[in-house]
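The sequence and the structure are shown first.

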Amino acid sequence: MLEFHLQQLWNDRRLPFHQFTLANAQSIEVIDVGTWNTAGSGPDFEFAQVRMDNLTWFGSVEFHLKASDWYKHQHHKDASYNNVILHVVYDNDQPVFLNDFLLPTLELKTYLTGEFKFPQIYPWRRKGQIPCKS
């Protein structure tokens with residue numbers, strides 16, 4: 001599994017959004033998944049909207065296979081990640097802090113089962129591929 005695959009499922013809305021709760025057991029409603037940032041730098045999705053604690057948040061969503069990748073990729077030192085409102089990970093192996101606040105984290109591992117099992121056969125899109133190339 002690649003980080004790109006999680007992004008693809010999020011973008012295509014092929015996840016059980018109606019069931020989501022954060023790693024701290026807080027409920028979350030994903031109002032808008034945002035716009036996929038395919039430019040290569042900055043957070044993975046921009047202009048997202050989520051509702052947590054009766055507040056609607058607008059900002060960016062960042063994806064990782066492991067929560068600890070936030071630090072591995074040095075996002076804590078990059079100001080372009082200061083507007084991240086949600087960290088979506090496959091495995092929440094470590095708490096992540098943004099400006100001394102615990103970053104809301106959604107762990108997908110528990111949701112990619114049963115009806116929403118991680119699809120082995122899926123038309124994963126490739127960036128930069130020309131459709132008529134073959």
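Rings of Phe, Tyr and Trp, the last taken by its six-membered ring, count as a pair if their centres lie within 6.5 Å. The coordinates examined here are those of a predicted model. On that basis, nine aromatic pairs are found in a search of the whole structure.

**Aromatic pairs**

One of these pairs joins tryptophan 36 to phenylalanine 45; the pair is stacked, with 5.7 Å from centre to centre and 10° between the planes. Both tryptophan 36 and phenylalanine 45 are buried. A further pair is made by phenylalanine 45 with phenylalanine 63, and because the ring centres are 5.5 Å apart with the planes at 55°, this pair is tilted. Phenylalanine 45 belongs to strand 3 (residues 45-52) and phenylalanine 63 to strand 4, so the pair ties together parts that are 18 residues apart in sequence.

Burial of these two phenylalanines follows from their accessibility. Buried means under 20% relative accessible area. Phenylalanine 45 has a relative accessibility of 0% and therefore counts as buried; phenylalanine 63, at 0%, is likewise buried. Beyond these examples, ring pairs link Phe4, Trp10, Phe17, Phe20, Trp36, Phe45, Phe63 and Tyr111 into a cluster.

**Histidine 64**

Strand 4, which spans residues 55-66, also contains histidine 64. Is histidine 64 buried or exposed? With a relative accessible area of 0%, histidine 64 is buried.

Which side chains does the side chain of histidine 64 meet in polar contacts? One partner is the side chain of histidine 75, at 3.2 Å. Another is the side chain of histidine 87, at 2.7 Å. When residues up to four places away in sequence are not counted, the residues that histidine 64 touches are Glu3, Leu6, Asp69, Trp70, His73, His75, His87, Val88, Val89 and Tyr90.

**Pockets**

| Pocket | Volume | Lining residues by class |
|---|---|---|
| Largest pocket | about 400 Å³ | 14 nonpolar, seven polar, one charged |
| Second largest pocket | about 160 Å³ | three nonpolar, six polar, four charged |

The lining of the largest pocket is made up of 22 residues, and those nearest its centre are Met52, Ile85, Leu102, Leu103 and Pro104. Strand 4, strand 5 (84-91) and strand 7 (101-102) are the elements that give two or more residues to this lining.

As to the second largest pocket, which has about 160 Å³ of space, its lining consists of 13 residues, with Glu3, Gln7, Gly40, Gly42 and Asp44 the closest to the centre. Glu3 is also among the residues that histidine 64 touches.

**The chain as a whole**

How many helices and strands does the chain have? There are two helices and eight strands, and along the sequence they follow the pattern α-β-β-β-β-α-β-β-β-β. The chain has 134 residues, of which 43% count as buried. Among contacts with a separation of 6 or more, 51% are between residues 24 or more positions apart.

Conventions:
Residues numbered from 1 in each chain as written. Predicted model: local features only at pLDDT ≥ 70, side-chain atom pairs only at ≥ 80, totals over all residues. Heavy atoms only, no water. Helix = DSSP H or I, 4+ residues; strand = E, 2+ residues; numbered from the N terminus. Buried < 20%, exposed > 50% of the residue type's maximum accessible area, 1.4 Å probe, protein only. Polar contact = N/O pair within 3.5 Å; in protein donor to acceptor, adjacent residues only side chain to side chain. Contact = heavy atoms within 4.5 Å. Phe/Tyr/Trp six-rings, centres within 6.5 Å; stacked < 30°, edge-to-face > 60°. 1 Å grid on protein atoms, 1.4 Å probe; cavity = no way out; pocket = protein on both sides within 12 Å on 5 of 7 lines; lining within 4 Å. Points joined across faces, edges and corners; volume = space filled by probe spheres on them. Nonpolar A, V, L, I, M, F, W, Y, C, P; charged D, E, K, R; others polar.
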